[in-house]
Amino acid sequence: MMAVKQTAGRDTLGKFAPKFAQLNDDVLFGEVWSREDKLSLRDRSLVTVTALMAQGLTDSSFQHHLMAARQNGITKPEIAEILTHAAFYAGWPKAWAAFRMAKDIWTEDGTDAKTAHANAMVFPIGQPNDGFAQYFIGRSYLAPLSTEQVGIFNVTFEPGCRNNWHIHHADRGGGQILVCVAGRGWYQEWGQEARALHPGDVVNIPVGVKHWHGAAADSWFSHLAIEVPGENGSNEWLEPVNDAQYDKLDK
Ligand code: MN
């Protein structure tokens, strides 16, 4: 039996509620979701999506489960049929809310949302950002564009993905500039309102300022990250942006 790997519990609540985090990652995902010999991942996705929709829980966790459902093999005609069927038992408005999110995940022309996002920009998406995955919630991708003189990287976030709070340090100079290239995202400095980001927006992040950046809950997002040259530059990674903070943004 191949365990389904999940670290969202520990990433988000590992310090605050270690037992809950362990039950989420090791029992719910590590044991229950992993019992593929009893029920396939596809069928488990079907049950989960229906159960969440029936409660009207169409938040970022629902979006995560819709994306998992697509990955687990549920096709566009099938999700349309599942939500239509469930609408009669769970409630019409709940199906409307669910369809709004499903439509962006199973896109009209048959290309998936990631491909559509890639086609919307001139820079590549690059490879899974495994080196920094521990500092992100959700999946991100990294494409190095310039690694000489000034480092420039295209960073792509899947919907709902964001990096942890962090600080760019340097003794002189330093900091970071973001140039938004595609999709919709957010930037927030500690103690400030979050700023919505759109293609063409530029964010100047001073040294020493605690902040995070990432995608909107319902959109892929890419920005160039430009490393401003400085002396003794380093990044200090802090706590994740928790779901309660993040889920408020689009409301
Ligand atoms: Mn940053």
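Helices here are DSSP runs (H or I) of at least four residues, and strands are runs of E of at least two. Counted that way, the protein has eight helices and 15 strands. Keep in mind that this is a predicted model.

First, the overall build. A compact globule of 251 residues would have a radius of gyration near 18 Å, and the 19 Å found for the protein agrees with that. Along the principal axes, the C-alpha atoms fill a box of roughly 60 × 40 × 35 Å. Buried residues account for 40% of the 251. Of the contacts between residues at least 6 apart in sequence, 69% join residues at least 24 apart. The accessible surface is about 13,600 Å², with 56% of that belonging to carbon and sulfur atoms.

Now zoom in on histidine 168, which sits in strand 6 (residues 166-169). Its relative accessible area is 6%, and because buried means under 20%, histidine 168 counts as buried.

| Side-chain pair | Distance |
|---|---|
| Histidine 168 and glutamine 176 | 2.6 Å |
| Histidine 168 and histidine 211 | 3.2 Å |

Leaving out residues up to four places away in sequence, histidine 168 also touches others, including Ile205, Val207, His213 and Asn235.

Strand 11 pairs with strand 8 (residues 176-183) in the antiparallel sense over four bridges, and isoleucine 177 stands opposite asparagine 204.

Key: Residues numbered from 1 in each chain as written. Predicted model: local features only at pLDDT ≥ 70, side-chain atom pairs only at ≥ 80, totals over all residues. Heavy atoms only, no water. Buried < 20%, exposed > 50% of the residue type's maximum accessible area, 1.4 Å probe, protein only. Polar contact = N/O pair within 3.5 Å; in protein donor to acceptor, adjacent residues only side chain to side chain. Contact = heavy atoms within 4.5 Å. Pairing = 2+ DSSP bridges. Rg over C-alpha atoms; globule rule 2.2 N^0.38 Å. Areas by Shrake-Rupley, 256 points an atom, 1.4 Å probe, with all protein chains shown as cover.
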